[in-house]
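Subject: Handover of a protein structure

Dear colleague,

Please find below the structure that I am handing over to you. My notes on what was found in it follow directly after.

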Amino acid sequence: TYDGSGYLVKYHADGLLKTAAVTDTPIGVTIDESSRDADNALVAVGSATVSILPLDGVIHVRSEAIAAGNVHFGMPIYVSQTSGTNGHVDDDSSNSATLVGYFYGLDGVAIAAGDLIPVAVA
């Protein structure tokens with residue numbers, strides 16, 4: 001299930017899943033939370049639906065925390081592998097991380113974990 005917008009998703013035989021490894025190939029980003037049942041609970045994985053946008057133009061994606069001194073317009077943004085925050089991006093290119101695009105926001109701002117950041121898709 002997806003509790004909001006901005007999660008990177010990948011294709012999987014079981015359906016759309018959040019990216020979970022730096023080498024995952026994202027195919028889109030969620031634009032809202034996944035479907036809810038009559039009791040307003042998120043529908044379970046496997047039968048839930050979610051709307052996604054293709055990776056094109058400037059998208060807003062959930063990010064890992066990035067210190068203000070490291071944030072620069074145009075910096076490369078990669079798929080994150082931080083445990084527990086699947087579907088996020090960060091500025092860490094280690095372990096052959098997949099490039100998503102380039103930061104399209106203000107220089108020097110602190111990015112908190114879970115913030116939506118603008119990324120020009122590569």
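**An exposed loop residue**

D56 is exposed, with a relative accessible area of 61%. In these notes, buried means under 20% relative accessible area, exposed means over 50%, and partly exposed means in between, with a 1.4 Å probe and protein chains only. D56 is placed in the loop between β4 (52–54) and β5.

**How to read the model**

This is a predicted model, in which local features need pLDDT of at least 70, side-chain atom pairs count only at pLDDT 80 or more, and totals for chains, interfaces and linings use all residues. Residues are numbered from 1 along each chain as its sequence is written, and side-chain values use heavy atoms, with hydrogens and water left out.

The term pLDDT stands for the predictor's confidence in each residue, from 0 to 100. The protein has an average pLDDT of 91, and 98% of the residues score at least 70. Among the elements of the protein, β9 has the highest mean pLDDT (98), while strand β2 (residues 15–18) has the lowest (86). Where pLDDT is low, the predicted coordinates should not be read in detail.

**Salt bridges**

How many salt bridges does the structure hold? There are 2, where a salt bridge is a side-chain nitrogen of Lys or Arg within 4 Å of a carboxyl oxygen of Asp or Glu.

One of them joins the side chains of K10 and D24, at 3.2 Å from N to O.

R36 forms a salt bridge with E33, and here the closest N and O atoms are 2.7 Å apart. R36 counts as partly exposed, at 35% relative accessibility. E33 is also partly exposed, with a relative accessible area of 29%.

**Aromatic rings**

Rings of Phe, Tyr and Trp (its six-membered ring) pair if their centres lie within 6.5 Å; planes under 30 degrees apart count as stacked, over 60 as edge-to-face and the rest as tilted. By this rule there are 2 aromatic pairs. The ring centres of Y2 and Y7 are 6.4 Å apart and the ring planes stand at 50°, so this pair is tilted. Y2 is buried, at a relative accessible area of 7%, and Y7 is buried with a relative accessible area of 7%.

The rings of F73 and Y104 have centres 5.1 Å apart and planes at 35°, so this pair is tilted. Why does it tie together parts that are 31 residues apart in sequence? It does so because F73 lies in the loop between β5 (58–62) and β6 (76–79), whereas Y104 lies in the loop between β8 (99–103) and β9 (116–121). Y104 counts as partly exposed, at 46% relative accessibility.

Y7 has a further contact: the charged end of K18 sits over the ring of Y7, 4.1 Å from its centre. A charge sits over a ring if NZ of Lys or CZ of Arg is within 6 Å of the ring centre and within 35 degrees of the ring normal.

**A nonpolar patch on the surface**

Which residues form a nonpolar patch on the surface? They are Y11, L16, I27 and I52, and together they have about 370 Å² of accessible area. Patches are made of residues with over 30% relative accessible area and no salt bridge; like charges are joined within 9 Å, and nonpolar side chains (Val, Leu, Ile, Met, Phe, Trp, Tyr) within 5 Å. Accessible areas come from the Shrake-Rupley method with a 1.4 Å probe, and for residues only the protein chains shown count as cover. Y11 is found in strand β1 (residues 8–12) and counts as exposed, at 62% relative accessibility.

**Further loop residues**

N40 is placed in the loop between β3 and β4 and is exposed, with a relative accessible area of 51%. Phi of N40 is near 70°, a positive value in a residue other than glycine. N95, in the loop between β7 (89–90) and β8, has a positive phi of about 60° although it is not a glycine.

H72 lies in the loop between β5 and β6 and counts as partly exposed, at 41% relative accessibility. The C-alpha atoms of H72 and G108 are separated by 6.3 Å, with the two residues 36 residues apart along the chain.

Yours sincerely

Methods. Helix = DSSP H or I, 4+ residues; strand = E, 2+ residues; numbered from the N terminus.
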